[in-house]
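Have the viewer open as you read.

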Amino acid sequence: MAELQAREAKLIQYLNEAYGKEKELETSLQAHIAMASRDAYKKRLRSHLKETKDHARQVQKQIKALGGKADAGSGPEIVQDAAAAVQTGAKKAVAAAQGPLHAVRGTGEAERQLKNAKTEFSEEHEEIANYNAIETLAEALGDKDTVKLARSIRRDEVRMASFLEKQIVALTKEVVREEIPSAQRASSSSRRKSSSRRSSASSRSRSSSSGTKAASSSRSGSTRKSGSSRKSGSSRKSGSARKSGSSRRS
């Protein structure tokens, strides 16, 4: 029985860590949605907020199925769950406090959203790590239901991380358009093109030089072969003449 209790306690611990993160992100996403100005970005954040709330419900349900609680309680048998709940509340408070700070960070609208996207990207990877650990633990302990749950939620987190990765690229380009004068962008592009042309010319020059050396080497080899051939022919003719003269004298 002690082994079973340890097994369930460890699963509940890991699930509570994931649950706390989901509840924290609910608060963070709500703040970021209010700040988002790009329609596609805002729509995806809203969609992921729904996913996040659903993930929290699924994890909470699994914690209960294992005999634990995702909320604060009393009694020695749920001390760990109570500690996890307190931690969850603290994280939610921090996330709520960060919302106003995120609203003023960055030098412009695009950069503010870029910083939010980078924060979200980091948070998604923490969640991916959480569910990787839960899946691995549950597999080792033979808990198929928890394995299935962790795997399903992780797929959602991976999709969101992939979306955010693309969004970071798009928002960075928008920062360039907003904050870097077009003349400077053109100058930078011109330098890159000029450098590319010099590199190409240098490559052609090296190729031409290599070809010249190869041709020279080929001609030199041909001359040596020709001289060797003439010498060989002359030697054969001389030997033939000596043989002929000797035959006539005989």
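## Ground rules

A crossing is called left-handed if the near helix is turned anticlockwise from the far one by less than a right angle, and right-handed if clockwise. Helices (H or I, at least four residues) are DSSP runs, numbered from the N terminus.

This is a predicted model, where local features need pLDDT of at least 70, side-chain atom pairs count only at pLDDT 80 or more, and totals for chains, interfaces and linings use all residues. Residues are numbered from 1 along each chain as its sequence is written, and side-chain values use heavy atoms, with hydrogens and water left out.

## H4 against H5

H4 passes H5 in a left-handed crossing. Their axes lie 8 Å apart at an angle of about 160°; axes here are lines fitted to C-alpha atoms, for helices over the stretch in contact, and angles run from 0 to 180 degrees between N-to-C directions. H4 and H5 are therefore roughly antiparallel to each other, a label for angles over 145 degrees, while those under 35 count as roughly parallel, 65 to 115 as roughly perpendicular and the rest as oblique.

The contact of H4 with H5 (heavy atoms within 4.5 Å) has 18 nonpolar, 5 polar and 15 charged residues. In this scheme Ala, Val, Leu, Ile, Met, Phe, Trp, Tyr, Cys and Pro are nonpolar, Asp, Glu, Lys and Arg are charged, and the others, Gly among them, are polar.

## H2 and its two partners

Helix H2 (residues 39-65) and helix H4 (residues 109-141) have axes that come within 14 Å and cross at roughly 25°, so H2 and H4 are roughly parallel. Their crossing is left-handed. On the H2 side, the contact is made by Tyr41, Leu45, His48 and Val59, and the H4 residues include Gln113, Glu120, Glu124 and Tyr131. By class, this contact of H2 with H4 has 5 nonpolar, 3 polar and 3 charged residues.

H2 also packs with helix H5 (residues 144-179), at about 160° and with axes 11 Å apart. H2 and H5 are therefore roughly antiparallel, and H2 passes H5 in a left-handed crossing. Among the contact residues are Tyr41, Leu45 and His48 of H2 and Leu149, Ile153 and Phe163 of H5. The contact of H2 with H5 has 10 nonpolar, 6 polar and 6 charged residues.

## A cavity

How many cavities of 30 Å³ or more does a search of the whole structure find? The search finds 1, and about 40 Å³ of space lies in the largest cavity. On a 1 Å grid over the protein atoms alone, a cavity is a set of points where a 1.4 Å probe fits but cannot get out, and lining residues have an atom within 4 Å of a point. Grid points are joined across faces, edges and corners, and a volume is the space filled by probe spheres set on the points.

The largest cavity is lined by Leu25, Ser28, Leu29, His48, Glu120, Glu123 and Glu124. Helix H1 (2-35) and H4 are the elements that give two or more residues to this lining.

Conventions:
1 Å grid on protein atoms, 1.4 Å probe; cavity = no way out; pocket = protein on both sides within 12 Å on 5 of 7 lines; lining within 4 Å.
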